[in-house]
Amino acid sequence: MSESKTMFGTEELGRLRKVLLHNPIESLSAVSEENYKYHLFNFVPNVDQYLREHEQYAQMLREHGVEVLLVRDYARQTKDLLARLPNLPYLHDTAVITSKGAILSEMCPGTRAGEELVVKEVLTNIGIPIFHEFKTQEQFEGCLILSPSTLMIVNTERSSPNTIEGFFSKALTIFAEVIYIEAPQARRYMHADMIFNRISEDLALYFPPAFLHAYLINRQTRKEINFKTYLVGKSIELIPISDEEQRNWGCSFVPLEPKKLIHYDLALTIKTKKLLKERGVQIHEFHPAALLAGGGSLRCLTLRLWRTTF
Ligand SMILES: NC(=O)NCCC[C@H](N)C(=O)O
């Protein structure tokens with residue numbers, strides 16, 4: 001395989017090398033007292049402060065050796081769309097990058113519709129092919145790669161079960177198995193990273209009440225499983241987080257490398273931080289204020305393009 005072919009893909013749980021971010025200079029001031037709910041914000045952001053915090057986060061990634069690409073440097077034909085997409089910074093929801101190319105989301109109707117057009121152009125200009133894109137009437141806002149062999153898809157309020165069903169066979173051309181989770185349809189569980197995330201090969205955080213049903217799907221069979229038992233059988237320890245931690249994006253962190261994360265300082269309680277420290281986990285904390293307006297975590301702000309084994 002040539003070097004350029006290996007410069008994207010996030011299946012490996014090793015080091016985070018390259019990400020895509022978007023600082024929403026053109027769109028954020030459009031979010032007002034009248035429309036912030038329509039725009040899926042929790043409150044009206046302080047624009048200057050939001051952009052400052054976003055830059056601090058980008059700088060933190062660079063200091064940890066991560067290459068940071070910006071949407072504005074790669075969007076050409078779609079540049080005009082940047083002014084009307086205030087949620088474009090939450091790039092994590094718009095695509096998942098495999099070593100075969102991007103699984104491009106189909107954002108729900110409303111304020112986020114159209115983000116995928118920008119992301120498609122940007123990824124193409126970066127040199128990342130599109131492995132799969134959905135039809136315009138479908139709904140799919142991301143999934144989680146657990147390992148080179150396992151993809152996890154959660155049915156949330158931002159996806160349609162039919163869309164997910166139609167994607168299984170394509171997903172199974174890359175992954176040996178798909179874990180499909182039915183979660184409660186509520187904003188607090190809007191995307192998969194709100195209920196589960198892996199810290200290393202053998203450790204993960206999760207919010208048990210969100211796992212209503214879990215299914216294991218491979219090319220031959222489909223069966224209901226107990227999510228925890230299945231992962232414990234693969235020697236993965238699952239640490240449950242509390243209701244409050246889940247609401248504070250407890251599972252939604254950015255793994256820099258196994259057992260080394262960037263996370264909001266307010267996401268986890270002292271008790272969980274202690275459990276993680278005892279297992280050798282290092283957390284680099286970031287304090288958000290204006291960033292909280294958008295209702296997303298640092299992970300949501302980060303489209304991970306490339307991770308390597310080491
Ligand atoms: N993965 C995530 O949970 N993303 C956060 C997205 C926040 C955005 N304002 C939204 O509601 O879609």
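What is the mean pLDDT of the protein, and what percentage of its residues reach 70 or more? This is a predicted model, and its mean pLDDT is 97, with 98% of the residues at 70 or more. For the complex, the predictor reports an ipTM of 0.98 together with a pTM of 0.97.

Let's start with the ligand. There are 15 residues around the ligand, and those that come nearest are Leu40, Asn87, Asp93, Arg112 and Gly294.

| Side chain | Ligand atom | Distance |
|---|---|---|
| Asn87 | nitrogen | 2.6 Å |
| Arg112 | oxygen | 2.7 Å |
| Arg187 | oxygen | 2.8 Å |

On its own the ligand would expose 350 Å², and the protein buries 100% of that area.

Now for a sheet you can trace in the viewer. Five strands make up this open sheet, running in the order S6-S7-S8-S11-S12 with mixed pairing. At its edges sit S6 (144-147) and S12 (222-225), each of which pairs on one side only. On average, neighbouring strands of the sheet are turned by 25° against each other, direction ignored.

Strand S6 pairs with S7 (residues 150-155) in the antiparallel sense, over three bridges. Within that pairing, Leu144 has Met152 of S7 as its bridge partner. Helix H3 (residues 161-171) packs on the sheet and touches S7, S8 (177-182), S11 (213-218) and S12. The direction of H3 makes about 170° with that of S7.

How values were computed
Residues are numbered from 1 along each chain as its sequence is written. This is a predicted model: local features need pLDDT of at least 70, side-chain atom pairs count only at pLDDT 80 or more; totals for chains, interfaces and linings use all residues. Side-chain values use heavy atoms; hydrogens and water are left out. Two strands pair if DSSP finds at least two bridges between them. Helices (H or I, at least four residues) and strands (E, at least two) are DSSP runs, numbered from the N terminus. Axes are lines fitted to C-alpha atoms, for helices over the stretch in contact, and angles run from 0 to 180 degrees between N-to-C directions. Contact means heavy atoms within 4.5 Å. pLDDT is the predictor's confidence in each residue, from 0 to 100. A residue is near a molecule or strand if one of its heavy atoms lies within 4 Å of it. A polar contact is a pair of N or O atoms within 3.5 Å; within protein, one must be able to donate a hydrogen and the other to accept it, and residues adjacent in sequence count only if both atoms are side-chain atoms. Accessible areas come from the Shrake-Rupley method with a 1.4 Å probe; for residues, only the protein chains shown count as cover.
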